[in-house]
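This briefing is intended for a reader new to the structure shown below. Please keep the sequence and the model in view while reading the points that follow.

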Amino acid sequence: MEAIKLGILGMGTVASGLINIIEFNRNKVVNSLNKELAVSKVLVNNLDKERNVNLPKEVYTTDAYEVINDKDAEIIVELIGGIDPAYDYIKSALNNKKHVVTANKALIATHGEELESIAVKNGVKLMYEASVGGGIPILNTMKENLSANEFDSVFGIINGTTNYILTQMAENGLEYEEAVKEAQRLGFAEADPSSDVDGDDAAFKLSILAALAFGQRVKVEGIPKEGITKISKDDIANAKELGYNIKLLASGIKKDDKIELRVHPAFVPVDHPLSMVKNEFNAVFLKGNAVGEVMLYGKGAGSLPTGSAVLGDIMYIVKNMDKSDAGVVGSKKYRVENKAVKQYYIRMTVVDKLGVLGSIASLFGKNGVSLSSVVQRQKNGHDTVPLVFITHEAERKNIDAALEEISKSKVVSKIESIILVENFK
Ligand SMILES: NC(=O)c1ccc[n+]([C@@H]2O[C@H](COP(=O)([O-])OP(=O)(O)OC[C@H]3O[C@@H](n4cnc5c(N)ncnc54)[C@H](OP(=O)(O)O)[C@@H]3O)[C@@H](O)[C@H]2O)c1
């Protein structure tokens, strides 16, 4: 039987998942393709490392170009991560007329448009399903099965680390730092979790999702982002009491000729399907103008789930090698706006004195922000008291202007938090 040869860059978590699935699902793969998949060469850093895959020693090399230039390899699978040197390797592979599969969100978000043009020019395919949502088949579903739709919005919980941390804070009463340590102990967070908790990872993925949903490339630098490091147990408790869960959302909303993209913690109503996505799980909630609401849910990371998405792309390429792709995603031009006209939750600590509430409410009013509800919490034991406000819909810049004035008031000790309340409209 004919074998399609794969050249693989990297043999870490995802690549070893890929190799193991090819082995334990061999019958399924061969029956579906009518071809075998075989590995020609594998790039690694360290030739002496023990690996939990069943590959002969001779396939390994530390020379990337032995993999990329191997004339037998028809598909190059990039699983080393990061932008450099992956960018040069993928460009060379595409220019060598090899199909490429990658799971690299940073690279696709940054250079996807250019790499897709190179692929089209060379008549080969570039696929990257695993770059968003790990094992969840979101990108190809949007591109293929939902291609009859214009998308009105896309909301995702697309970072498992932060979702794990927020779930542990909400369900087990952990403080932020404790939840981070627990996530690290279980392998859900890196030793340095900043790219997850600061929202960078989710912003890369949102940039890729937005290109597919709205046909427009927006670089991560153009996506406002806010991480979860300032979320406290108090905010989580208040959210619960008001009927919400706090989630790190990546959101893309289209209105007329404008799109708004952002990554931010949000109050999500407890009865919304995204509220039920817990721990390391991910989900993407889409609104198509024909299909309506669709949610895809699953494991956003891990060796086998991510390997499953990579193998799905490889199998698609093998089945469609002779067909040319329609072209580059991302040719539309919307105005990218960041007004964030939403309701907001605001928590502050104020002096416990008569008339304080009225003076704060009037500063909100002066800046065009009206209040939907106010909750005065138990006294802190000192002379201060926590106040929680939910505003009516207002533009974020008005909220910021109001809080700038309020923070200067002598009766306000501290503005503790501002969190957007998402109504999914
Ligand atoms: N892990 C996940 O669950 C997950 C989920 C979704 C997407 N992804 C994406 O998948 C990609 C791979 O992630 P991973 O978790 O599998 O990474 P990983 O476990 O760190 O593995 C990286 C592999 O690449 C090799 N490597 C890295 N840089 C190299 C270089 N410059 N030259 C030669 N070899 C190099 C390493 O070699 P040695 O083994 O010799 O050190 C290792 O085998 C990344 O783009 C990541 O963002 C990962």
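The buried residues of helix α11 pack against α7 (160–172), β8 (244–255), β9 (258–269), β13 (343–351), β15 (384–391) and β16 (412–421). Helices (H or I, at least four residues) and strands (E, at least two) are DSSP runs, numbered from the N terminus. The model is predicted: local features need pLDDT of at least 70, side-chain atom pairs count only at pLDDT 80 or more, and totals for chains, interfaces and linings use all residues. Residues are numbered from 1 along each chain as its sequence is written.

**Helix α11**
- In α11 (residues 233–242), D235, I236, N238 and A239 are buried. They lie on the same side of α11 because they cover an arc of only 165° around the axis, the arc being that of the directions from the helix axis to the C-beta atoms.
- A residue is buried if 20 or more other C-beta atoms lie within 10 Å of its own, exposed if 12 or fewer, and partly exposed in between, with C-beta atoms placed from the backbone.

**Nonpolar core**
- The largest nonpolar core has 124 residues, and L9, V77 and V310 have the most contacts inside it. Such a core is a set of buried Ala, Val, Leu, Ile, Met, Phe, Trp, Tyr and Cys residues joined through C-beta atoms within 7 Å.
- Helix α10 (residues 200–214) gives the most to this core, with eleven residues.
- Leaving aside neighbours within four places in sequence, L9 is in contact (C-beta atoms, placed from the backbone, within 7 Å) with residues including L43, A64, V67 and Y89.

**Backbone features**
- The peptide bond from D84 to P85 is cis, with omega near 5°; P85 lies in the loop between β4 (73–78) and α4 (86–95).
- D256, in the loop between β8 and β9, has a positive phi near 50° although it is a residue other than glycine. D256 is exposed, with 7 other C-beta atoms within 10 Å.
- F424, in the segment after β16, is not a glycine, yet has a positive phi of about 60°. F424 counts as partly exposed, with 17 C-beta neighbours inside 10 Å.

How values were computed
Contact = placed C-beta atoms within 7 Å.
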